[in-house]
Amino acid sequence: MAEPTVCITIVTFNSSRYLRRCLQAVLEQRDIDFSVVVVDNASTDGTRGILEDFAGRVRVICNPSNAGFAAAQNQAIRASGSEWVLTLNPDVLLEPDFLRGLVDAGELDAGAGAICGKLLSIGPGFQPLPERRIDSTGIFFTPAMRHFDRGWHELDRGRYDRSEYVFGACAAAALYRRKMIEDVSVAGAFFDPDFFAYREDADVAWRAQLFGWRCIYAPAAIGWHVRTMIPGNRSSVAPLVNMHSVKNRFLMRIKNSTAGVYRHCWLPMTLRDLAVIGGCVAVEPRSLPAFWRLMQCWGAAWESRRQIMRRRRVSDESLVRWFRFAPASEPLELEAPQTADGLLAPDAA
């Protein structure tokens, strides 16, 4: 059998602090052939000078302005026709066998559209931390419509050392199957460009679940991530990112939520919505433009919803099992049937 083809896609915006070491680790991936595409969103900090040092080893696309993470990742994905795409943040360092481990896991299950490894925390500037702590082992959703990284900030003591199915992958280092990318894309876009930045990976994960694709967590693939968006610490994040986070919370729901999920989650969801709105009014007024931006995206979001719901394949009964207050996962069953209970026929409502 021919070796699978892989493209690593990186979006940069003033990422000079991390980019060189990130790319060096990328180019040291072992036992697998791959290409690299970097899209730079008009950096002004020396990022492009670093990219020039990697000329001939990575393909670079320079945008004249900041198009946002979602749109720029779509550019990079379209620039390659590979069977697999690894989306990678420049603030991630990969162990040399990371890519090989993810691809091997994905090749075992044709119904897996996304694969994620074990991301561990590392300090700003890629400085080691005194303790080995988890950054992400996949993402999960709570009934309050909040999504978190499984295991975040827990000590790495073996709890997440088993391969299993999870809701979705953190796009800081997520491997996506091209067939899934093409299947779940709406109007040709894999990541929704209206999200600009933040929550776009959760939106993709939810949509993939609606379409019947699985996500595998493969703990043998290890990377190190500098996390800047920390739960409960919004003051450390740029106001623009906080604003998009609020907007995207509601935008994601318009597109993906179903009647069964709403019935299952309506009380904690509503209470959280009220807390978010109240917090914007009383504490974080700079995020209030999120609601005006939401109105601007309203028509496109509902058109996306119509397309998604027309093509969904998974029943509400199958979907709601993922919405829990504790991190959800399921045992890995390779060669799982494509027509398992709970799947709807394509184009069913």
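Analyst: Start with a cut-off. A residue is called exposed when its relative accessible area is over 50%, buried when it is under 20%, and partly exposed in between. The model here is predicted.

User: Is Ala 187 buried or exposed?

Analyst: Ala 187 has a relative accessible area of 76%, so it is exposed. Its place is the loop between α5 (178-184) and α6. Its backbone also deserves a look: Ala 187 is not a glycine, yet its phi is positive, about 55 degrees.

User: Where is Met 145 found, and is it buried or exposed?

Analyst: Look between β8 (139-141) and β9 (147-149), where Met 145 sits in the loop. Its phi is positive too, about 65 degrees, and it is not a glycine either. Met 145 is buried because its relative accessible area is 2%, a value under the 20% cut-off.

User: Which class does Ser 163 fall in, by relative accessibility?

Analyst: Its relative accessibility is 33%, so Ser 163 counts as partly exposed. Ser 163 belongs to the loop between β9 and β10 (164-166). Leaving out residues up to four places away in sequence, Ser 163 touches Tyr 217, Ala 218, Pro 219 and Leu 332. Ser 163 and Ile 216 are 53 residues apart in sequence, with 7.1 Å between their C-alpha atoms.

User: How far apart are Phe 126 and Gly 49, in sequence and in space?

Analyst: They are 77 residues apart in sequence and 20 Å apart in space, C-alpha to C-alpha. Phe 126 is in the loop between β6 (112-121) and β7 (134-136). At 3% relative accessibility, it is therefore buried. Among the residues that Phe 126 touches, beyond four places away in sequence, are Tyr 18, Cys 22, Pro 90, Leu 93 and Val 226.

User: How many residues are in the largest nonpolar core?

Analyst: It has 100 residues. Tyr 176, Trp 206 and Phe 323 have the most contacts inside it. Apart from that core lies another, of six residues, including Leu 93 and Phe 126.

User: How do I read empty space?

Analyst: Roll a probe the size of a water molecule over the atoms, and it shows where empty space is left. This structure holds two cavities of 30 Å³ or more. α6 and β12 (214-225) each supply at least two lining residues. The largest share, three residues, comes from α6.

User: How many residues of α4 are buried?

Analyst: Seven of its 10 residues are buried, so helix α4 (residues 98-107) is mostly covered. Among the buried ones are Phe 98, Arg 100, Leu 102 and Gly 106.

User: And a helix with a bend: where does α9 bend?

Analyst: At Trp 298, by about 50 degrees. Helix α9 (residues 289-311) has 23 residues. From first C-alpha to last it reaches 32 Å, close to the 33 Å expected at 1.5 Å a residue. Read the end-to-end span and the bend together.

User: Which helices do the buried residues of α9 pack against?

Analyst: They pack against α6 (200-210) and α7 (239-256). The buried residues of α9 include Leu 294, Cys 297, Ala 301, Arg 305 and Ile 308.

Definitions and conventions:
Residues are numbered from 1 along each chain as its sequence is written. This is a predicted model: local features need pLDDT of at least 70, side-chain atom pairs count only at pLDDT 80 or more; totals for chains, interfaces and linings use all residues. Side-chain values use heavy atoms; hydrogens and water are left out. Helices (H or I, at least four residues) and strands (E, at least two) are DSSP runs, numbered from the N terminus. The expected span of a helix is 1.5 Å times one less than its number of residues. The bend at a residue is the angle between axes fitted to the seven residues ending there and the seven starting there. Buried means under 20% relative accessible area, exposed over 50%, partly exposed in between (1.4 Å probe, protein chains only). Contact means heavy atoms within 4.5 Å. A nonpolar core is a set of buried Ala, Val, Leu, Ile, Met, Phe, Trp, Tyr and Cys residues joined through side-chain atoms within 4.5 Å. On a 1 Å grid over the protein atoms alone, a cavity is a set of points where a 1.4 Å probe fits but cannot get out, and a pocket is an open set with protein on both sides within 12 Å along at least five of seven lines; lining residues have an atom within 4 Å of a point. Grid points are joined across faces, edges and corners, and a volume is the space filled by probe spheres set on the points.
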